[in-house]
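Subject: Structure handover

Hello,

Here is the structure you asked to take over. Please look through it before reading on.

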Amino acid sequence: MALALALFCFLCGNAFIPSSATPDSFLQCLSSTIPSSLIYRQSSSGFTSVLQSSVQNPKFLTNTTVRPLIIVTASNVSHVQAAVRCGRANAVRLRIRSGGHDYEALSYRCVNPEPFAVLDLAMLRAVRVVPGEPSAWVDAGATLGELYYAVGTSNPGFLFPGGACATVGVSGFVAGGGIGLMMRKYGVGGDNILDAKVVNANGDVLDRAAMGEDHFWAIRGGGGESFGVVVAWRLKLSPVPPTVTVVNNLRTIDQGVTDLVAKWETTILSPSLPTDLTTRVVLQERHAFFQTLYLGRCSDLITKMGTVFPELGVTAADCNEMPWLRAMAFIYFGTTSTPVEALLNRTNAAGSNNYFKATSDYVRRAVGKAGWDGLYQQWLSWNGNGQMILEPHGGAVGGANTATTSPYPHRRGVLFNIQYGSNWCCDANGTMAAAGLRWLDGVYGYMGPFVTSNPREAFANYRDLNLGWNVVGSDGVSSYWSGRAWAERYFMGNYRRLAAVKAAVDPTDYFRNEQSIPPLPKA
């Protein structure tokens, strides 16, 4: 099952064709406050390598879209401020890149051609942890792996309820909501933000008190790039016991996998299922991979699984007991022998030839055995490179342990999220790509009757331009009405409030991309 483990998270990259705009005035402005060694023009010898430094999906290394005029590799907050001020003064927009996991690569490419620069935050990656304190300040360029390592080594009685993919940027994760293995207990990533530092459209640095609660609410899951440049987050940490247990169970069609998946989707609503136990499922080819994380010892886990999901047949031999930090490394790398220091590696484990396209859904009523039977027979069984990841929500997210007031809307009544991924090797637009995309469209169409509708909900962190993108009006501002096509899928009833915040903090729509929040029009 190595392929399934490698594909637990999907990635994104960038693409380019030259822009006709000149960067000279913008460059002159930048050079007055930022060292030249941190600024890369298209003609610079290091431009391509820096641009590609976060690319982990070679699909976006083709000459199909506009590349940036300049890349600014900020090493402190003053560089971010200068980039914003120079960009606004010289009509050059910024695309802000932190970890680089952007499913449509909109943080460093432009589909709608206009002069833009990339503001790369990878050098801003410090994680400040104080032993015994239930919070940490994390710079926007840090990855989840770097956060996990800092917390697990310096503050081992705590965890951050993040995702399974260690190379995802912390900033993008929490700004898009952030679903993870412990969200039933501790909420999504955006629920666990205590403070932030944001460079606004005027180039000023604001903390929570200065920006106000509406602005602070919006960045915690409403797509942070729409409301300014977040340069640091203060994250809430939650308690974790010294030992947690991870169990991996692989089951096949011949072992009744569709019965097990059908049982799983009813189990996650069981009142007997404790919030410190999570089982996610990966469907691939003729298999299902059940991965369980329990905040406790193996003996307790076996007792609880025997009550709520005995059909899976978890035994003591399946258990891997370890500290939380090592568990996160095991979940990502798929082996207990990989040292936790590997979490500091910012290169994704899936490899440089892993092309992919992804999309998402939410399920509010059980699919049922017949539905899963049809899925395997018609789609999964004939494509070993296609995959579905089921992340349990259990009818609620966060429960009584967190204030669920962030913009992430897919909570009450949601059984689970689905991430669909189609993978192929070695070409962006050839025969294998076409076949992979046909499969993705087909399985997405098959699942239509089983998932949410009006709107068909989607997850903002699994960005998909097939859902639509913004239309820029004659006034140079993204249309609120065109944004509804995609934004009401991601944010549902929160879209209008997000747009109202956008109108208040960035009315000229300086911080924008093809799926950024547009300003709410004046009545």
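This is a predicted model: local features need pLDDT of at least 70, side-chain atom pairs count only at pLDDT 80 or more; totals for chains, interfaces and linings use all residues.

Residues are numbered from 1 along each chain as its sequence is written, and side-chain values use heavy atoms, with hydrogens and water left out.

Cores. A nonpolar core here is a set of buried Ala, Val, Leu, Ile, Met, Phe, Trp, Tyr and Cys residues joined through side-chain atoms within 4.5 Å. Buried means under 20% relative accessible area, exposed over 50% and partly exposed in between (1.4 Å probe, protein chains only). The largest such core has 110 residues, and L283, W372, L375, M388, F416 and M447 have the most contacts inside it. Helix α12 (residues 324–333) supplies the largest share of this core, eight residues; helices (H or I, at least four residues) and strands (E, at least two) are DSSP runs, numbered from the N terminus. Another core, of 29 residues, lies apart from it and includes L30, L69, L119 and L124.

Aromatic contacts. There are 20 aromatic pairs in the structure. Rings of Phe, Tyr and Trp (its six-membered ring) pair if their centres lie within 6.5 Å; planes under 30 degrees apart count as stacked, over 60 as edge-to-face and the rest as tilted. F160 and F173 have ring centres 6.5 Å apart and planes at 70 degrees, so this pair is edge-to-face. F160 lies in the loop between β7 (158–159) and α6 (170–175) and F173 in helix α6, so the pair ties together parts 13 residues apart in sequence. Both F160 and F173 are buried. The pair of Y332 and F333 is also edge-to-face, with centres 4.7 Å apart and planes at 65 degrees. Y332 is buried, at 6% relative accessible area, whereas F333 is partly exposed at 25%. One aromatic cluster is formed by Y103, F356, Y362, Y408, F459 and Y462.

Sheet. Five strands form an open sheet in the order β5-β6-β10-β8-β9, with antiparallel pairing; two strands pair if DSSP finds at least two bridges between them. β5 (127–129) and β9 (205–206) stand at the edges with a single partner strand each, so one side of each has no neighbour in the sheet. β8 (residues 193–199) and β10 (residues 229–236) pair over six bridges in the antiparallel sense, and V199 stands opposite V229 in β10.

Regards
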